[in-house]
Amino acid sequence: MCSRFCATVLVKVLFVIVFGISGLFNTHAQAAAEPEHVVFGVSLDLTGSHAHMSAMQKKGFLLWEKHVNAAGGILGRQVQVSILDNQGCLEKLYDHYQQMLSTDKADFVFGPYSSAHTETVVPLFEEYKIPVLASGASAPSLWEHGYKYLFGLYSPADQYAQGFLEIMSMRNIRNIAMINSPDIFSRSAAQGALQWAQRLGMNITIFEEVELDYDEFVAVAARAREKDAQALMKFGYFEASVMMRRAILDADYKPAAYYSTVGPVSDAYYENLRELSENTFSTAIWRYHSNLVYPGVHRFNADFELSYGQAPNYHAATAYAAGQLMVRAMETSGSFDLQQLREVLAQKRAFTVLGRYGVNYRGAQIRHVPFTVQWQRGQQEIVWPPSLSTSQPRLEYGR
């Protein structure tokens with residue numbers, strides 16, 4: 001009987017030892033499985049029509065990754081930014097975000113570049129209930145559908161041209177031609193400019209939507225000349241801004257001012273046009289200035305130039321700012337919980353390298369103020385607002 005009792009005790013002891021050790025190993029395995037990184041995914045058009053802008057965004061995201069990891073990461077975890085190239089293809093773009101969100105390849109995502117691309121994938125953000133900063137989109141229509149998880153980072157497109165039009169009004173430029181490309185960003189920017197120009201009492205001689213076709217650009221520039229438009233405004237992306245500037249020359253049209261969105265803020269605009277870029281106006285969501293007091297802005301500018309051998313434009317700054325804001329929001333909520341993060345982004349008032357952040361009840365940005373810039377002597381100068389201007393605006397009278 002003693003032997004049977006001892007045997008039973010021995011079996012129980014072995015059971016405890018074996019399964020106790022197994023439990024210990026499982027505990028360590030679970031601890032080891034705890035992710036070391038917070039993965040942020042983003043799909044950019046790195047080799048398509050938005051390559052210039054997307055390349056800057058990529059550099060901004062990677063510099064943010066470097067800086068935040070050097071500072072200890074987010075809530076004790078290092079950051080990894082996973083960047084995919086959608087090549088400008090909306091199907092690839094959608095598949096990228098679907099894969100990142102459905103297979104847990106990314107803990108969080110940033111919005112893609114361009115309003116049209118963002119419009120394509122925002123239903124996925126709603127489906128997965130993941131809060132996302134629109135780090136490359138500004139069309140107001142994005143926030144007219146009742147979405148709860150998309151938050152604007154910078155000024156909406158319909159406010160882009162206000163500074164330029166105020167400059168024109170002060171210089172007594174009254175006749176304006178407005179041409180837009182057929183996409184939601186360009187249409188929104190044009191409609192906003194039209195409304196603002198009408199408030200200023202200006203005469204809109206042409207208001208047209210034109211496809212990306214050089215002959216059409218030359219024809220519309222010739223019509224603007226015939227209608228005595230003193231300024232021509234082109235709402236579109238990089239290629240459209242370059243093409244229209246050349247078309248103005250070929251149409252023998254000499255407006256006092258040429259304005260275009262997006263394209264002229266890139267150094268590639270000057271590289272393509274050289275002296276023809278002179279005096280072009282544009283809207284810069286951000287432009288580095290030594291008098292800026294935004295948190296981290298001087299380090300961002302210096303380290304970007306050191307890392308990439310070029311000055312950052314606003315596309316780089318918006319990417320970096322999106323990262324800054326995510327860090328602040330996560331630290332405020334004290335967790336990576338999606339719903340808590342959504343609530344913080346909906347209510348937070350903050351400053352990033354880009355300037356002020358604050359959204360309305362729809363998630364649309366309402367606090368950011370953009371700059372108006374102009375190419376002068378091969379440099380981009382801030383000409384609006386006056387408090388941050390680096391030069392006075394120049395018009396081309398007599399040319």
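Buried means under 20% relative accessible area, exposed means over 50%, and partly exposed lies in between, with a 1.4 Å probe and protein chains only. This is a predicted model, in which local features need pLDDT of at least 70, side-chain atom pairs count only at pLDDT 80 or more, and totals for chains, interfaces and linings use all residues. Residues are numbered from 1 along each chain as its sequence is written, and side-chain values use heavy atoms, without hydrogens and water.

**View 1. The whole chain.** The chain holds 12 helices and 14 strands. Helices (H or I, at least four residues) and strands (E, at least two) are DSSP runs, numbered from the N terminus. The C-alpha trace spans about 115 × 40 × 35 Å along its principal axes. Of the 399 residues, 54% are buried. Among contacts (heavy atoms within 4.5 Å) with a separation of 6 or more, 67% join residues 24 or more positions apart. The accessible surface is about 17400 Å², and carbon and sulfur atoms contribute 52% of this area. Accessible areas come from the Shrake-Rupley method with a 1.4 Å probe; for residues, only the protein chains shown count as cover.

**View 2. Helix α5 and its cover.** Helix α5 covers residues 162-170. Its buried residues are G163, F164, L165, I167 and M168. The cover over these residues includes helix α6 (184-199) and strands β8 (231-235), β9 (257-260), β10 (281-284), β13 (371-376) and β14 (379-384). Just after α5, N172 takes a positive phi of about 65°.

**View 3. I173 and L395.** I173 sits in the loop between α5 and β6 (175-180). Its relative accessible area is 0%, so I173 is buried. I173 and L395 are 222 residues apart in sequence, yet their C-alpha atoms are 10.0 Å apart in space.

View 4. A salt bridge is a side-chain nitrogen of Lys or Arg within 4 Å of a carboxyl oxygen of Asp or Glu. Side chains of opposite charge can pair when their charged atoms come close. By this rule the count comes to six salt bridges. In the one between R187 and E209, the closest N and O atoms are 2.7 Å apart. R187 belongs to helix α6 and E209 to strand β7, so the pair ties together parts 22 residues apart in sequence. R187 is partly exposed, at 38% relative accessible area. E209 is also partly exposed, at 41%.

**View 5. The E278–R394 salt bridge.** The closest N and O atoms of E278 and R394 are 2.3 Å apart. This pair links distant parts of the chain, 116 residues apart: E278 is in the loop between α9 (267-273) and β10, and R394 is in the segment after β14. E278 is buried, at 18% relative accessibility. R394 is partly exposed, at 28%.

**View 6. The R225–E226 salt bridge.** The side chains of R225 and E226 meet at 3.7 Å, N to O. E226 is exposed, at 55% relative accessibility. R225 is partly exposed, at 33%.

**View 7. A negative surface patch.** E211, D213, D215 and E216 form this patch. Patches are made of residues with over 30% relative accessible area and no salt bridge; like charges are joined within 9 Å, and nonpolar side chains (Val, Leu, Ile, Met, Phe, Trp, Tyr) within 5 Å. Lys and Arg count as positive and Asp and Glu as negative, while His and the chain ends are not counted. The place of a charge is NZ of Lys, CZ of Arg, CG of Asp or CD of Glu. E211 lies in the loop between β7 (203-209) and α7 (214-226). E211 is exposed, at 54% relative accessibility.
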